[in-house]
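Visitor: Hi! Could you walk me through this one while I have it open on my screen?
Guide: Happy to. Ask away in any order you like.

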Amino acid sequence: MKHIYFGIENLNLSNSQRNNLVQALRTLGPASHTQPACLCHWRTRLDGQAAIFEALFDGDNINVQAFKNRLATIFNVDSATIEHSNTSQTFDILTTAVVTFARGGTNYLRVAFFGYDGVTWPTWAQSGDECRKYLAINQEDWESVQ
Amino acid sequence: MSFITILSNKVLAADYSDKTLSYNPKAYWPLNETSGSVARCLVNSAQNGVYTGVTLGDGVGPDGSPCPFFDGANDYVNIWTTALHDAFNGSEGTVAIWAKVNAVDVWTNGAVKYIFQLNAAAAVEYARIYKSNTNNRMSYRYQAGGVTEGGDENGLSETDWMHLALTWSKSADEVRYWRDGAEVATVDTSLGTWVGSIDSDYPIIGASSTIPGGPWHGWLSNSALWGRALAQPEIADLARV
């Protein structure tokens with residue numbers, strides 16, 4: 001189980017496709033837990049086109065193939081037709097894997113696994129630090145200034 | 001933690017809880033749970049809140065009781081209930097809460113961090129306490145009838161517990177701003193008239209909304225709401241444990 005933060009950004013999903021994806025992601029994590037921090041919870045970007053999820057995830061539910069499977073279900077196609085490309089960014093200290101999912105030459109979804117470099121999973125605190133730094137860097141997109 | 005320390009903390013927590021209740025709040029959330037999703041209101045269980053994302057019992061509150069950690073990313077306590085909606089008085093009131101930052105850099109990260117928020121529909125009327133996006137500033141705001149009242153305290157870098165309070169009174173025509181039992185800004189007057197009722201998305205501890213915007217990064221403890229503006233001796237008493 002991985003207690004981490006990951007972010008998604010809609011690139012070209014329709015509103016209904018995006019909503020289907022978000023609803024599927026909100027069901028991840030344990031159904032019940034004594035700690036609210038371990039249950040799936042999220043934050044939505046001001047424009048509604050990105051969100052950050054946190055929970056005690058099953059690693060099999062948040063890997064590249066799992067996202068391909070979700071997109072394939074949404075598009076009603078074979079998951080083999082969903083392509084992906086990897087990049088990485090460093091927001092604070094650790095490397096964050098950023099995966100872009102595409103189909104037929106069109107990018108549809110970007111997913112950032114905060115603090116996960118594609119090999120080693122971060123601790124909850126490390127993933128949180130990377131997530132908070134990302135939010136600070138992109139504050140104008142996520143916060144209404146007071 | 002030794003047995004004596006644990007026992008001492010329990011006595012302190014009970015004393016502080018009793019003291020808070022002795023001032024007859026409309027709602028009082030100690031935030032001392034160690035498991036589950038319910039933030040109990042000791043005044044009326046119909047005003048219980050719901051935790052989202054926090055780590056319960058992560059810290060020790062100023063009164064020695066357990067307190068939750070808010071991660072600064074997506075955690076909050078939703079205190080919306082119809083009972084609170086009915087109990088809330090926009091014309092006369094006090095909000096008080098204990099807050100502690102995760103680390104000193106929270107004061108300088110340029111992000112708004114909400115501690116307590118009560119909004120009427122469309123955010124035209126509100127009472128809120130938050131760490132400003134201006135470095136080292138704690139801000140207090142009360143808006144009613146299109147008139148915004150606000151106090152700011154600058155130069156803060158406190159990493160220990162702070163007792164924060166906002167009091168408003170239409171009848172006395174004043175809004176006051178408090179930290180650790182002392183006023184931190186000039187008393188404001190010429191209040192507008194609060195006519196709305198709190199919106200279901202915005203009575204929140206530790207964020208500005210259920211989105212959540214401006215999530216707090218640190219610990220919060222013993223949050224309470226009154227239907228009258230508490231006087232200085234009462235605020236000062238609540239700022240002591």
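This is a predicted model: local features need pLDDT of at least 70, side-chain atom pairs count only at pLDDT 80 or more; totals for chains, interfaces and linings use all residues.

Visitor: Which elements of chain B give two or more residues to the side that touches chain A?
Guide: Those are β3 (49-52), β4 (55-60), β5 (66-71) and β9 (126-131) of chain B. By residue type, the side of chain B that touches chain A divides into 12 nonpolar, 13 polar and 3 charged.

Visitor: What area is buried between the two chains?
Guide: About 1,800 Å² is buried between chain B and chain A, and carbon and sulfur atoms give 49% of that. On the chain B side, B:A73, B:N74 and B:I211 supply 25% of the area that chain B buries against chain A, more than any other three residues. As for who takes part, the contact takes 28 residues from chain B and 19 residues from chain A.

Visitor: Back to salt bridges. How many does the structure hold over all chains?
Guide: Over all chains there are 15 salt bridges. One of them joins the side chains of A:E9 and A:R110, at 3.5 Å from N to O. That pair links distant parts of the chain: A:E9 sits in strand β1 (residues 2-10) of chain A and A:R110 in strand β6 (residues 106-113) of chain A, 101 residues apart.

Visitor: Are those two buried, partly exposed or exposed?
Guide: A:E9 counts as partly exposed because its relative accessibility is 25%. A:R110 is partly exposed too, with a relative accessible area of 30%.

Visitor: Which residues are linked with them in a network?
Guide: The network of salt bridges links A:E9, A:R45, A:D47 and A:R110.

Visitor: New topic: helices in chain A. Which residues of α2(A) are buried?
Guide: They are A:A66, A:F67, A:K68, A:R70, A:L71, A:A72, A:I74 and A:F75. What covers them includes β1, α1 (15-26), β4 (83-90), β5 (95-103) and β6 of chain A.

Visitor: How far does α2 of chain A reach, and what follows it?
Guide: Helix α2 (residues 64-75) of chain A has 12 residues and reaches 16 Å from first C-alpha to last, close to the 16 Å expected at 1.5 Å a residue. A:N76 follows α2(A), and its phi is positive, near 60°.

Visitor: And α3 of chain A?
Guide: Helix α3 (residues 124-137) of chain A has 14 residues and spans 20 Å between its first and last C-alpha, close to the 20 Å expected. Its buried residues are A:S127, A:G128, A:E130, A:C131, A:R132, A:Y134 and A:L135.

Visitor: One last spot, A:N10. Is A:N10 buried or exposed?
Guide: A:N10, which lies in strand β1 of chain A, is buried because its relative accessible area is 13%.

Visitor: What does the side chain of A:N10 make a polar contact with?
Guide: It makes a polar contact with the side chain of A:Q49, at 2.7 Å. A polar atom of the A:N10 side chain also lies 2.7 Å from the backbone nitrogen of A:L13. Leaving aside neighbours within four places in sequence, A:N10 is in contact with A:R18, A:Q49 and A:Y108.

Notes
Residues are numbered from 1 along each chain as its sequence is written. Chains are lettered from A and ligands numbered from 1 in the order in which they are written. Side-chain values use heavy atoms; hydrogens and water are left out. Contact means heavy atoms within 4.5 Å. Buried area is the accessible area (1.4 Å probe) that two parts lose on being put together, summed over both. Helices (H or I, at least four residues) and strands (E, at least two) are DSSP runs, numbered from the N terminus. Ala, Val, Leu, Ile, Met, Phe, Trp, Tyr, Cys and Pro count as nonpolar, Asp, Glu, Lys and Arg as charged, and the others, Gly among them, as polar. The expected span of a helix is 1.5 Å times one less than its number of residues. Buried means under 20% relative accessible area, exposed over 50%, partly exposed in between (1.4 Å probe, protein chains only). A salt bridge is a side-chain nitrogen of Lys or Arg within 4 Å of a carboxyl oxygen of Asp or Glu. A polar contact is a pair of N or O atoms within 3.5 Å; within protein, one must be able to donate a hydrogen and the other to accept it, and residues adjacent in sequence count only if both atoms are side-chain atoms.
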